[in-house]
Each structure stands twice: as C-alpha cells, then as structure tokens.
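Visitor: I have a model open and would like to talk it through with you. Could you take my questions as they come?

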Amino acid sequence: MGTKVCSADDVTPAAAKRVVVDGVAIAVVKDSAGTIHAIGDTCTHGDISLAEGFVEDDTLECWAHGSKFELTTGKPLTLPAYEPVPVFTVTVVDGDVYVDTTASPAGVAQ
Ligand code: FES
C-alpha cells in the first residue's frame with residue numbers, strides 16, 4: 001500500500017503538498033475533481049518543486065516556465081518541459097494518503 005504521507009485534508013486544489021518518501025520528492029496533488037494524485041515533485045525542465053505550482057483541472061503547472069504536467073500520466077502537455085515526471089500509486093484509507101514509490105500505474109519509467 002505504500003507509505004503514509006499526509007491526511008487527505010492536508011491537500012487542496014489550491015495547495016499541493018511536497019513530501020519525501022524513500023528519498024524521492026513527491027508532489028501530492030488534489031485535482032479539481034477531488035481525486036488525489038502523486039507525481040514526481042521535481043520539474044523535468046529545471047530544479048523546481050512542482051508542488052509550488054498551480055493545479056488546473058487534472059494538471060499541475062510548473063510556476064517557473066509554465067509547463068503543465070498531466071496528473072494521471074506525468075506527461076508535460078506544454079513546453080518547455082518534454083520529459084514526463086514519474087507517477088505513483090495513491091491509496092486513501094480512513095482519510096490518510098498512502099503513496100507507493102515502487103508502483104507506477106501509468107507505466108512511466110522512473
Ligand atoms: S523549470 Fe519547470 S517549466 Fe521550467
């Protein structure tokens with residue numbers, strides 16, 4: 001099931017949360033529909049924390065140069081980033097969020 005990282009109430013579409021699990025920086029993000037996702041926190045274009053960016057629908061936008069990463073696949077939908085970030089499996093149990101850093105549901109290489 002993975003590692004407990006936070007409470008589901010700790011993340012909102014207005015504020016993603018950066019956590020570190022097994023040395024991996026992860027952005028825990030609630031999309032506009034209320035679904036929680038976990039993707040690699042470091043933008044593939046620069047050393048920027050994506051958790052400091054902006055959620056729009058099911059994307060997370062890097063604040064530095066505006067690449068929007070799709071939360072379900074980790075793929076950047078807009079330049080300048082062109083490499084995907086990893087996507088991790090999220091499980092919510094009793095209001096707590098668990099992230100499994102070994103699983104990548106979208107099949108994105110880590
Ligand atoms: S550092 Fe994220 S888009 Fe440039």
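Visitor: Leaving aside its neighbours within four places in sequence, which residues is Leu 50 in contact with?

Guide: Leaving those neighbours aside, Leu 50 is in contact with Ile 39, Gly 40, Asp 41, Thr 42, Cys 43, Leu 60, Cys 62, Phe 69 and Val 85, where contact means heavy atoms within 4.5 Å. Please keep in mind that this is a predicted model, in which local features need pLDDT of at least 70 and side-chain atom pairs count only at pLDDT 80 or more, while totals for chains, interfaces and linings use all residues. Residues are numbered from 1 along each chain as its sequence is written, and side-chain values use heavy atoms, with hydrogens and water left out.

Visitor: How many residues has the largest nonpolar core, and which have the most contacts inside it?

Guide: That core has 16 residues, and those with the most contacts inside it are Val 29, Ile 39, Cys 43, Leu 50, Leu 60 and Phe 69. A nonpolar core here is a set of buried Ala, Val, Leu, Ile, Met, Phe, Trp, Tyr and Cys residues joined through side-chain atoms within 4.5 Å, and buried means under 20% relative accessible area, with exposed over 50% and partly exposed in between (1.4 Å probe, protein chains only). A second, separate core of 13 residues includes Val 5, Ala 8, Val 19 and Val 21.

Visitor: Back to Leu 60, then: what stands opposite it in S7?

Guide: Leu 60 stands opposite Phe 69 in S7; strands are DSSP runs (E, at least two residues; helices are H or I, at least four), numbered from the N terminus. S6 and S7 run antiparallel and are joined by 3 bridges, and two strands count as paired if DSSP finds at least two bridges between them.

Visitor: And what is the strand order in that open sheet?

Guide: The open sheet has 3 strands in the order S5-S6-S7, with antiparallel pairing. S5 and S7 are the edge strands, each pairing on one side only. From one strand to the next the twist averages 30°, taken between axes that are lines fitted to C-alpha atoms (for helices over the stretch in contact), with angles from 0 to 180 degrees between N-to-C directions.

Visitor: How many salt bridges does a search of the whole structure find?

Guide: The search finds 3. One of them joins the side chains of Asp 96 and Lys 4 (3.5 Å, N to O); Asp 96 lies in strand S9 (residues 96-100) and Lys 4 in strand S1 (residues 3-7), so this pair ties together parts that are 92 residues apart in sequence. Asp 96 counts as buried at 18% relative accessibility, whereas Lys 4 is partly exposed at 49%. Another joins Arg 18 and Asp 41 (3.0 Å, N to O), with Arg 18 partly exposed at 48% and Asp 41 buried at 2%.

Visitor: Last topic: in what sense do S8 and S9 pair, and over how many bridges?

Guide: S8 and S9 pair in the antiparallel sense over 5 bridges, and the partner of Val 90 in S9 is Val 99. Their hairpin has 2 residues between the strands, and Asp 94 there takes a positive phi near 50°. Strand S8 (residues 87-93) also pairs with S4, in the antiparallel sense over 2 bridges, where Ala 38 has Phe 88 in S8 as its bridge partner.

Methods
A salt bridge is a side-chain nitrogen of Lys or Arg within 4 Å of a carboxyl oxygen of Asp or Glu.
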